[in-house]
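Welcome! Please open the model and keep it in view while you read this short tour.

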Amino acid sequence: MIKKVLIGILCSAAVLTLGILIGHFGITKSSGSAPSWVRDVAKDVDESLVEKFLSEVDNIQIQENLRELTKVPHMATTAGDEQTVKFMLKRWQDPESGLDQAWREEYMVYLSFPDPKNPNSVTVVTPSDAVLHTVREKEKPYTADQEDPEVGKLVYANQGKPSDYELLNRTIDLNGTIAITRYGGAGRAAKAINAAPYGIIGVLVYTDPLDINDGLMSDINETYPHSWYLPPSGVERGSFKNHYGDMLTPYLAAKEETYRIPAKNVTGIPPIPIQPIGFEDAYILICLFVCLPCCFTLLNLNLCSSDVKLDIFNYEEVRSSANVMGVIRGSVEPDRYVIYGNHRDSWVHGAIDPSSGTSVMLELSRVLGKMVKQGKWRPRRSIIFGSWGAEEFGLIGSAEYTEQYFTKLSERTVAYINVDIAVFANATLRASGMPSVQNVIFTAAKQVDAPGLDSMSVYDNWIQYANKTSPAHGTIPRVGYLSGAGSDYAAFVHYLGITSMDISYTYDRSKTNARIYPAYHTAYDTFDYASKFIDPGFTSHQATGRTAGNILIRLADSLVLPLNCSDYAESLEEYLKTAIDLYQHQLKARNISMEPLKHAVASFRQCSYPLKVRMINDQLMLLDRAFLNPLAFPDKYGYRHVIWASSSAGQPTFPGLADAYDKAESSGQSNDWDKVHYHLSVLSQAIDGAAHMLLDVI
């Protein structure tokens, strides 16, 4: 009680002091008006400026940005990638609409590439090695874009769950076989990592039409170029490693003179080769594997006594990869950063992934940069824009940036906004992030018009597609959590504990089973595809840009950071309820108490009311840092945040506890139950520590 009284006195004193200063200097005297610093210190978000920003974000400018960015394929470190680096720099250094400063940040990173002189191949051969069928090396072209010579590079890419291989192994000797799997169910790398213990020597992976195309397969009238669905030869590329960042320089920035571990010591990569293929070839091979009559129909050949041959000739090389960085310097708190990022590299032309996000970022920076150049605005806090390199190879550019500037970013960063794929489709907003950012996302979404819908906001449209019931707020849009490493937010969330979010526009999931937009990571992700089937008119790009930019301005300009700890408490309470329902009975039988965790969550709730934190920007900014524990996940590289780490248990609760419980229940080993107890202690102390971050201001 005494502590609460003291906090109230301190907050009141701070308000009173600020009021006296403003009042004193605000009175016009013969010597002049108030010093500019007083006006700047007291200034809050200018709503008229937000409205001006919203009006100036131009869909046609975004369209032309995308057209320019997708002229050539721009895989990381290639000539096309360098072309986009120079384009970004030119725009951010423009004297009329550029930023205060822009530069390139180089890293020397370890990447894997196919050999153009000796391409990877998948063939069906007879016992005497006669080739009966060869899997496509390149996708079938429908427009000139797919004719580009760079399109054919299928870089190492990977439903091979442990249960799938275990069940198969009951009836078939898997030793020496090649497994064919479909995307989904398990991560790309996990498909091969799960396969290796059974003696499987290689993995093929394909995108099943039932998972991406609602079952449609024909390019005569069903798939692209007739619709947004993936053609039969489409191949989803991707990175097949478990760790993010450069593999040779763990926890160090990959600069030229940085110490590098021997390549043989690299961890987090699958022990057997993986090759992605299209579903037209996959179906031929599936017929072969199960020896169905279709193998005669498809090729008019008896393949059922044949073998599949997988030849991989990838090579590893250290190459220079650049981030392009830009800054608008803050006027009052220049040492506090709001970071906005999107990766630049793509697998091929990458119109949606990632160039939709890059196009939006360029438009935001143009509008804001123009305001700065014209002297109409300067943010309270500094804004950093990051165009990350080599994301597709494992979030490398953003990870190296956080490793290089670890201390500075940890101490000074307010929040990170990620807009990777800005538009999956044109139905509704989608957002994920720490619970504390929910409020500012809602505020911004309420001020943006939903594209194509008269008198409806992005918020009102969103709540119709994805919603939940909140004890505090009633029915609200559903905001997801950043619990894995799907994009460049990973290092900011899991490694640095920086409050983060990911924003995009997406499709109506009640109308399609597609797990992602169908041309994802294929040669068909082009400007033609984006402009015809994803967002004709680019108004959903515009809505994403307006929403994300509105959030950016509010985080940069608000006198008190618009982060809500009560929403964080609500999410922790949801996680706790799930954990109690799932684990309490079994843990009690083993004399492991959940009371400390219950107490910690209750303490966080008690300390999270807005009245107690409204004056404490640093406590708000540093809240997520309090959830970091470098020893919590020794087997998960770069994961330190105990609330939002990735989990294999598939339960909507605390990830470390869920995984430890899952393993202990399966093994029954006492040391595994000890690890459950350990994770309960880690959680309890982290949450209790976070509560004290909000409370202890003395």
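Predicted model: local features only at pLDDT ≥ 70, side-chain atom pairs only at ≥ 80, totals over all residues.

## Helix 20 and helix 24

Helix 20 crosses helix 24 in a left-handed sense. Helix 20 covers residues 595-607 and helix 24 covers residues 670-695. Their axes lie 8 Å apart and meet at an angle of about 15°. Angles under 35 degrees count as roughly parallel, and helix 20 and helix 24 are therefore roughly parallel to each other.

Which residues make this contact? On the helix 20 side you will find Pro 596, Leu 597, Ala 600, Val 601, Ser 603, Phe 604 and Cys 607. They meet residues of helix 24 that include Leu 680, Leu 683, Ile 687, Asp 688 and Leu 694. Sorted by class, the contact of helix 20 with helix 24 holds 13 nonpolar, 2 polar and 1 charged residues.

## Helix 5 and helix 11

Now turn to helix 5 (residues 79-92) and helix 11 (residues 355-373), whose axes come within 10 Å and cross at roughly 20°. This pair is therefore roughly parallel as well, and the crossing of helix 5 and helix 11 is right-handed. Helix 5 contributes Phe 87, Met 88, Arg 91 and Trp 92 to the contact, while helix 11 brings Thr 358, Met 361, Leu 362, Ser 365 and Arg 366. By class, the contact of helix 5 with helix 11 has 5 nonpolar, 2 polar and 2 charged residues.

## A closer look at helix 5

Helix 5 is built from 14 residues. From its first C-alpha to its last, helix 5 reaches 20 Å, close to the 20 Å expected at 1.5 Å a residue.

Several residues of helix 5 are buried: Gly 80, Asp 81, Thr 84, Val 85, Phe 87, Met 88, Leu 89 and Trp 92. What do they pack against? Besides helix 11, the buried residues of helix 5 pack against helix 4 (59-69), strand 1 (101-113), strand 8 (315-328) and strand 10 (381-388).

## Lys 468 in strand 13

The last stop is Lys 468, which sits in strand 13 (residues 467-470). Is Lys 468 buried or exposed? Its relative accessibility is 14%, so Lys 468 counts as buried, since the cut-off for buried is under 20%.

Leaving aside neighbours within four places in sequence, Lys 468 is in contact with Gly 474, Thr 475, Ile 476, Pro 477, Arg 478, Glu 570 and Glu 574. Val 479 lies 11 residues from Lys 468 along the chain, and their C-alpha atoms are separated by 8.9 Å.

Conventions
Residues numbered from 1 in each chain as written. Heavy atoms only, no water. Axes fitted to C-alpha atoms, helices over the stretch in contact; angles between N-to-C directions. Helix = DSSP H or I, 4+ residues; strand = E, 2+ residues; numbered from the N terminus. Parallel < 35°, antiparallel > 145°, perpendicular 65-115°, else oblique. Left-handed = near helix turned anticlockwise from the far one by under 90°. Contact = heavy atoms within 4.5 Å. Nonpolar A, V, L, I, M, F, W, Y, C, P; charged D, E, K, R; others polar. Expected span 1.5 Å × (residues − 1). Buried < 20%, exposed > 50% of the residue type's maximum accessible area, 1.4 Å probe, protein only.
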